[in-house]
Amino acid sequence: MVISNRGLSLAEKLKALMAGHQGQAHTSRSLSASVDALPGEHASVSHAAIAKLANGSQDNPTVNTIMALCEALGGVPPAHLLPHDSYADRAALEAFEDPQARRVLSLLQGLPQSDLRNVIADLERRRADLGLQQAGEGKSVEATGKRQRRRSRDEAAQYAADALEGL
């Protein structure tokens with residue numbers, strides 16, 4: 001029996017991000033405009049290309065396209081769009097971008113399981129003492145498989161109009 005770690009597809013993750021990353025929903029047109037508005041040099045991504053990525057008809061974007069989309073979506077770690085279970089945990093990917101967090105991970109590698117459990121318990125206690133949210137409590141749309149909210153009538157009409165235009 002072969003077990004797959006494939007996870008959600010790029011299209012599924014991109015659609016979830018577009019549906020309401022931090023309360024800001026995007027259509028393919030608005031995301032394309034957000035990419036164009038990014039400062040500095042970056043790839044330009046047409047609304048048609050974004051629509052193809054989001055509906056799964058195109059699934060092999062360039063690295064520059066992924067980087068521009070992730071930046072326009074609020075700094076999403078680019079690895080999050082890779083279709084593998086290891087990259088579904090966006091909070092872990094964001095933490096991994098911190099060099100000190102990577103140092104902690106490298107120090108943990110090779111420790112016995114009992115030591116790892118003790119370190120985890122210590123960190124959970126420390127987060128609780130500081131009043132921080134425990135890791136894993138903030139479930140994403142990708143992890144839960146549930147929509148965050150329903151579209152308003154106007155949003156639904158705009159979504160339908162965009163869909164009819166092939167966005």
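Of the 167 residues of the protein chain in this predicted model, 23% count as buried. The protein chain holds nine helices and zero strands, and from the N terminus on its elements run α-α-α-α-α-α-α-α-α.

**The largest nonpolar core**

- The largest nonpolar core has 20 residues, and Leu-14, Leu-31 and Leu-69 are the ones that touch the most other members.
- At least two residues of this core come from each of α1 (10–20), α2 (28–36), α3 (47–55) and α4 (63–72), and the largest share, five residues, is supplied by α4.
- When residues up to four places away in sequence are not counted, Leu-14 touches Leu-31, Ile-50, Leu-53, Ala-54, Leu-73 and Leu-81, so that Leu-31, itself named with Leu-14 among the residues touching the most other core members, is one of the partners of Leu-14.

- The axes of α1 and α3 cross at roughly 115 degrees and come within 6 Å, and the contact is formed by Leu-10, Ala-11, Leu-14, Lys-15 and Met-18 on the α1 side and by Ile-50, Leu-53, Ala-54 and Asn-55 on the α3 side.
- By residue class, the contact of α1 with α3 divides into seven nonpolar, one polar and one charged.

- Within α2, the residues Ser-28, Leu-31, Ser-32 and Val-35 are buried, and because they fall within an arc of 100 degrees when seen down the axis of α2, they line one face of the helix.
- An α-helix has 3.6 residues a turn, so residues three or four places apart point the same way.
- The cover over the buried residues of α2 includes α1, α3 and α4.

- Thr-65 has its place in helix α4, and at 13% relative accessibility Thr-65 counts as buried, the cut-off being under 20%.
- Leaving aside neighbours within four places in sequence, Thr-65 is in contact with Ala-43, Val-45 and Leu-53, while the C-alpha atoms of Thr-65 and Ser-44, which are 21 residues apart along the chain, are separated by 7.5 Å.
- Arg-90 is found in helix α5, which covers residues 90–96, and with a relative accessible area of 17% Arg-90 is buried as well.
- From C-alpha to C-alpha, Arg-90 and Ala-79 are 8.8 Å apart in space, although they are 11 residues apart in sequence.

Terms used: Residues are numbered from 1 along each chain as its sequence is written. This is a predicted model: local features need pLDDT of at least 70, side-chain atom pairs count only at pLDDT 80 or more; totals for chains, interfaces and linings use all residues. Side-chain values use heavy atoms; hydrogens and water are left out. A nonpolar core is a set of buried Ala, Val, Leu, Ile, Met, Phe, Trp, Tyr and Cys residues joined through side-chain atoms within 4.5 Å. Buried means under 20% relative accessible area, exposed over 50%, partly exposed in between (1.4 Å probe, protein chains only). Helices (H or I, at least four residues) and strands (E, at least two) are DSSP runs, numbered from the N terminus. Contact means heavy atoms within 4.5 Å. The arc is that of the directions from the helix axis to the C-beta atoms. Axes are lines fitted to C-alpha atoms, for helices over the stretch in contact, and angles run from 0 to 180 degrees between N-to-C directions. Ala, Val, Leu, Ile, Met, Phe, Trp, Tyr, Cys and Pro count as nonpolar, Asp, Glu, Lys and Arg as charged, and the others, Gly among them, as polar.
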